[in-house]
Amino acid sequence: MGFLDISNVTKSYGNIEVLHHVDIAVDEGEFLVLVGPSGCGKSTLLNMIAGLEDITSGGISIKGRVMNGVHPSKRNIAMVFQSYALYPNMTVGQNMTFGLEMHGVAKPERDKALADVAKLLQIEQLLDRKPGQLSGGQRQRVAMGRALVREPDVFLFDEPLSNLDAKLRVDMRTEIKKLHEKLKTTIVYVTHDQIEAMTLSTRIAVMNDGYVQQLGTPKEIYDTPSNLFVATFMGSPAMNILPAKVSMIEGVPHAEITNGAGQTASLRFSQANMADWAGKEVLLGIRPEALTDPEGADRKSRNIVTLQNAVDVIEPAGADTFVTTTLGDVAVIARMRADSDVASGQMFDFAVNMEKAVVFNPKTEKRIAP
Amino acid sequence: MANYASGADFRTKLQGWIPKLVLSPSIAMMLVFVYGFIIYTVYLSFTNSKMLPKYDLIGIDNYVRLWGLSTWWTAVTNLAIFASLYIIICTVIGLTLAILLDQKIRGEGMLRPIYLYPMALSFIVTGTAWKWFLDPGIGLENTMHLWGWESFEFNWIKDRNMAIYTIVIAAVWQTSGFVMAMFLAGLRGIDNEILKAAQIDGASNWQLYRRIVIPMLRPAFLSAFVILAHLAVKSYDLVIALTGGGPGRATELPATFMYSYTFTRNQMGTGAASAVIMLMTIAAIMMPYLYAELKEKP
Amino acid sequence: MAAATQDTAVSSGKITRVFIYLVLLLSALFYLLPFFVMVVNSLKPLDEITGGNMMALPQTWTIEPWLKAWSTAQIGVEATGLKPYFLNSILMVVPAVVISTGLGALNGYVLTKWRFRGDTILFGLLLFSCFIPFQIVLIPMATILGKIGLAGSIPGLVLVHVVYGVGFTTLYYRNYYASFPNELVRAAMIDGAGFFRIFWRIMLPVSGPITVVSVIWQFTNVWNDFLFGASFGGQTQPMTVALNNLVQSSTGVKEYNVHFAGAILAALPTLLVYIVAGRYFVRGLMAGSVKG
């Protein structure tokens with residue numbers, strides 16, 4: 001049993017079930033990110049942990065105490081909201097200590113807690129200001145401060161960075177990560193941004209359509225996505241998915257794909273179990289970084305296949321150059337070194353790292369290999 | 001495994017009830033004093049109540065009688081004339097003033113409150129002022145005569161056929177500024193980039209307003225219509241103060257008809273029937289509007 | 001290049017502009033004239049009105065009509081002036097405004113932040129009740145007020161105005177609180193504040209603007225009401241009814257100057273409110289058009 005236990009939780013509005021049998025056990029000190037597109041149920045799940053929405057069936061417990069029907073303020077949790085939800089009529093200091101005041105904590109203790117947290121977040125000079133006088137980043141800090149002062153068992157974050165501009169978002173992301181590493185608190189964090197999910201979490205729950213599609217460490221999610229949805233949702237640019245046919249050449253399974261010129265190319269699989277699929281159609285998933293120029297290919301890989309194909313578009317992005325080409329009748333994106341010698345319209349040698357390839361069943365969309 | 005079947009704790013349950021408890025006095029008042037009373041009046045309209053309520057049903061006699069009364073027909077005709085002129089003139093004046101005020105006018109801050117202040121007055125005050133202003137003996141007509149325009153004649157308020165129009169004038173004076181404010185708010189809400197785009201497309205000022213701006217004011221038109229229409233049906237004070245329903249019964253409206261039939265002529269059943277018809281008129285105007293309004297914001 | 005302005009992008013020629021200003025100024029005259037005439041003539045002796053020009057300024061300035069309207073004019077059967085009625089109106093307006101605004105604030109809070117199944121229908125019913133022709137409730141209201149012993153009394157009028165004003169105040173607060181983020185209420189809940197504490201500590205402190213609107217709206221509406229005052233006022237008639245009695249009285253010489261002074265006295269409180277807080281007054285009127 002975890003520190004925070006979500007077991008078989010379902011949520012329905014009327015007859016419509018929006019969250020289906022969610023099971024997640026979070027250990028103490030874990031940073032769990034719930035990620036998925038809007039409407040996937042991630043915020044509903046977070047609100048159920050907070051007690052802001054009823055649990056239709058199943059149960060949630062924190063530290064072994066069942067939380068179903070317990071008032072939000074009695075769960076010893078704290079929440080950071082997307083809009084920060086700072087009380088506009090109170091000063092920063094009052095905002096941060098309001099929860100303690102409501103819980104009947106005496107003034108001297110409140111001031112002590114406030115001073116500690118303000119120091120930690122470096123917002124001591126803001127304590128007498130009103131939220132309206134703060135910048136976005138400062139409000140974000142105050143919102144976190146308000147959560148920290150409570151010293152809760154679990155921190156809940158509801159898309160806390162999505163109202164910040166791009167640069168500030170990256171800074172705050174790092175700061176949240178540092179804070180977590182320092183304080184070792186248990187965090188459940190909701191976002192739609194897969195980069196946030198990858199960088200912050202110790203574990204990720206990828207959600208879609210009210211189901212947890214996959215629960216695992218960032219590496220597991222990235223390298224071995226359990227289905228097509230997870231594969232394409234996590235990672236940017238998204239994983240290339242191309243139709244392929246499995247054929248046996250000299251007893252070794254190969255993926256047969258058509259290149260841009262309509263000819264068939266064979267790529268050797270590293271995964272032995274692909275022999276079971278001989279003669280069948282599969283979907284081949286190749287991340288952009290596994291499709292690159294030969295000089296930039298992963299030297300540790302034992303299975304690099306080079307194939308010549310026409311370059312459609314190149315998009316230099318500074319650190320990398322993204323190259324679009326057509327394989328298996330779909331546009332695929334390759335990630336190359338910034339100074340690769342590539343030009344649009346030309347033929348080019350693409351290096352495919354087949355060790356990193358992921359294969360899916362086209363019918364069930366589940367992962368077959370690795 | 002833990003048993004999750006436990007219900008909500010006491011505090012959470014209480015929190016669920018408090019909002020409804022807080023709302024309940026208003027809801028109770030509304031159900032009794034508005035909807036209960038409506039049902040009661042509807043019931044009375046089917047009874048033979050005279051000075052005091054009676055509870056024996058007599059069918060639709062009151063409605064038959066009502067529609068046979070020439071006074072009622074006068075009231076209904078007057079309402080039709082008054083309401084249509086009032087709505088149209090207020091809208092035209094309001095829209096015109098709003099468009100003109102929206103031309104970067106110096107002194108807009110001065111003019112706007114001048115157009116609007118009559119709305120703060122009671123209809124009784126408006127009626128008192130206009131009654132006298134329109135009185136041929138001492139008002140406008142007299143002034144024109146004193147200024148040397150001997151043939152000037154303006155005695156509508158004493159004229160059975162024209163008196164209803166004096167009510168329109170006073171009512172327009174009172175409300176058109178408010179309609180102006182509504183349209184002005186609508187105009188200020190239009191994205192300037194759309195206007196710039198239309199100008200780049202080569203629209204003249206006239207075309208700009210006719211083809212782009214006025215169609216975009218649709219919500220303001222709708223609001224203005226609903227407000228004015230319901231004010232027109234409810235108009236009572238102004239008639240009392242300005243003409244007292246006269247000369248004769250020439251400016252009787254359903255609102256004054258209901259009052260005099262119920263309380264001075266002791267024909268409560270007929271009065272109730274007229275009130276029901278007024279309510280139905282308002283409901284026909286308001287229902288679609290309210291429905292759309294509440295549906296938009298679920 | 002002209003400096004960039006944020007208002008309309010429409011430009012017009014010089015002649016057009018002269019014409020526009022002309023129309024606007026004439027309109028201003030139209031709106032000002034009746035009130036101007038009232039003020040001017042309330043400061044004239046009676047013979048100057050009946051024998052002279054209403055547009056002319058007084059030859060002999062006098063405040064006699066004002067004093068008479070206030071304290072000695074014949075209202076109905078007694079020569080009390082408008083003073084007692086003015087007091088009636090004040091005694092009626094203050095509690096009516098306070099109670100209906102308070103209820104409206106709580107209702108708006110519940111209807112936006114503590115929503116429950118069917119709340120939209122309840123609100124719709126409440127909203128419709130703002131627009132009903134009050135003739136439909138006159139008969140039963142008269143009966144009920146008689147039965148509970150409030151007929152012809154200030155508390156009776158207060159009750160009536162609260163009942164039929166609560167729809168509007170609820171509308172104001174509901175629309176205002178609707179734009180107030182729900183997350184704040186949720187944050188306060190997690191912080192441990194309950195229903196009333198959230199209202200007092202979080203909602204009310206930011207409700208200043210809408211409270212001004214609601215108070216002004218209710219004040220003008222209740223003060224200017226005639227129908228309820230005439231129907232249920234009995235011996236405690238409000239100012240509007242008294243003014244009407246003064247103006248319509250058929251006995252004796254028509255003292256126009258006194259009538260005008262009385263009319264201005266009746267209009268003074270609402271005009272004052274309008275001058276001091278006109279901005280909010282407009283906002284209230286706009287909200288009355290059910291535009292959130």
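In this predicted model, the side chains of E101(A) and R201(C) meet in a salt bridge, with a nitrogen-to-oxygen distance of 3.0 Å. Across the interface of chain A and chain C the rule finds two salt bridges, and E101(A) with R201(C) is one such pair. The rule also finds 10 residue pairs in polar contact across this interface, counting pairs in which both residues have pLDDT 80 or more.

On the side of chain A that touches chain C, at least two residues each come from α1 (42-50), β6 (77-80) and α2 (92-102) of chain A. The largest share, four residues, is supplied by α2(A). Sorted by class, the residues on this side of chain A are 15 nonpolar, eight polar and five charged.

The contact between these two chains takes 28 residues from chain A and 16 residues from chain C, and the area buried between them is about 1,900 Å², with 61% of it on carbon and sulfur atoms. Of the area that chain A buries against chain C, 28% is supplied by Y87(A), N89(A) and M102(A), which is more than any other three residues supply.

| Interface | Area buried | Share from carbon and sulfur atoms |
|---|---|---|
| Chain A and chain C | about 1,900 Å² | 61% |
| Chain B and chain C | about 9,100 Å² | 75% |

Turning to chain B, 99 of its residues are in contact with 101 residues of chain C. Across the interface of chain B and chain C the rule finds zero salt bridges, although it does find 21 residue pairs in polar contact, with both residues at pLDDT 80 or more. Helix α1 (residues 10-44) of chain B gives the most to the side of chain B that touches chain C, contributing 19 residues. By class, that side of chain B holds 70 nonpolar, 17 polar and 12 charged residues.

One helix pair shows how parts of chain B and chain C meet. Helix α5 (residues 123-133) of chain B packs against helix α1 (residues 14-42) of chain C at an angle of about 85 degrees, and their axes are 10 Å apart. Because of this angle, α5(B) is roughly perpendicular to α1(C). From α5(B), the contact is made by V125(B), A129(B), W130(B), W132(B) and F133(B), while α1(C) brings F30(C), L33(C), P34(C), V37(C), M38(C) and N41(C). The residues of this contact divide into 10 nonpolar, one polar and no charged.

Conventions: Residues numbered from 1 in each chain as written. Chains lettered and ligands numbered in written order. Heavy atoms only, no water. Contact = heavy atoms within 4.5 Å. Buried area = accessible area lost by both parts, 1.4 Å probe. Salt bridge = Lys/Arg side-chain N within 4 Å of Asp/Glu carboxyl O. Polar contact = N/O pair within 3.5 Å; in protein donor to acceptor, adjacent residues only side chain to side chain. Nonpolar A, V, L, I, M, F, W, Y, C, P; charged D, E, K, R; others polar. Axes fitted to C-alpha atoms, helices over the stretch in contact; angles between N-to-C directions. Parallel < 35°, antiparallel > 145°, perpendicular 65-115°, else oblique.
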